[in-house]
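Please look over the structure shown here.

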Amino acid sequence: MLSWALTFLIVALIAGALGFGGAAGAAAGIAKFLFVLFLILFVVSLIFGRRPAV
């Protein structure tokens, strides 16, 4: 999921550099959403992850 966020970030940077403002904004929004989702899932997996068997 983090790789998808980085991919959309790169797409947004390239689109912004070429002058495609709408596409750059959309790609940046998707990248931001995926990054936040990655962080939430990462924290949840740290909290509720593998616990040693008793």
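How many helices and how many strands make up the secondary structure of the protein? This is a predicted model, and its secondary structure comes to 2 helices and 0 strands. The globule rule gives 10 Å for 54 residues, whereas the radius of gyration of the protein is 16 Å, well over that value, so the protein is more spread out than a compact globule. Of the 54 residues, 13% count as buried. The protein exposes about 4,400 Å², and 80% of that area is supplied by carbon and sulfur atoms.

The next point is how the helices are arranged. Helix α1 covers residues 2-18 and helix α2 covers residues 21-48. Their axes lie 8 Å apart, and the two helices pack at an angle of about 160°. An angle over 145 degrees counts as roughly antiparallel, and α1 and α2 are therefore roughly antiparallel to each other. The crossing of α1 and α2 is left-handed. On the α1 side, the contact is made by L2, W4, A5, F8, L9, V11, A12, A15 and G16. On the α2 side, the contact is made by A23, A24, A27, A28, I30, A31, L34, F35 and F38.

Two residues can now be taken in turn, beginning with the loop. G19 is placed in the loop between α1 and α2. Is G19 buried or exposed? Its relative accessibility is 60%, and the cut-off for exposed is over 50%, so G19 counts as exposed. G19 and L6 are 13 residues apart along the chain, and their C-alpha atoms are separated by 20 Å.

L34 is placed in helix α2 and is one of the residues of α2 that make the contact with α1. At 15% relative accessibility, under the cut-off of 20%, L34 counts as buried. Which residues is L34 in contact with, leaving aside its neighbours within four places in sequence? They are M1, W4, A5 and F8. Among these, W4, A5 and F8 also belong to the α1 side of the helix contact. L34 and L6 are 28 residues apart in sequence, and from C-alpha to C-alpha they are 9.1 Å apart in space.

Key
Residues numbered from 1 in each chain as written. Predicted model: local features only at pLDDT ≥ 70, side-chain atom pairs only at ≥ 80, totals over all residues. Heavy atoms only, no water. Helix = DSSP H or I, 4+ residues; strand = E, 2+ residues; numbered from the N terminus. Rg over C-alpha atoms; globule rule 2.2 N^0.38 Å. Buried < 20%, exposed > 50% of the residue type's maximum accessible area, 1.4 Å probe, protein only. Areas by Shrake-Rupley, 256 points an atom, 1.4 Å probe, with all protein chains shown as cover. Axes fitted to C-alpha atoms, helices over the stretch in contact; angles between N-to-C directions. Parallel < 35°, antiparallel > 145°, perpendicular 65-115°, else oblique. Left-handed = near helix turned anticlockwise from the far one by under 90°. Contact = heavy atoms within 4.5 Å.
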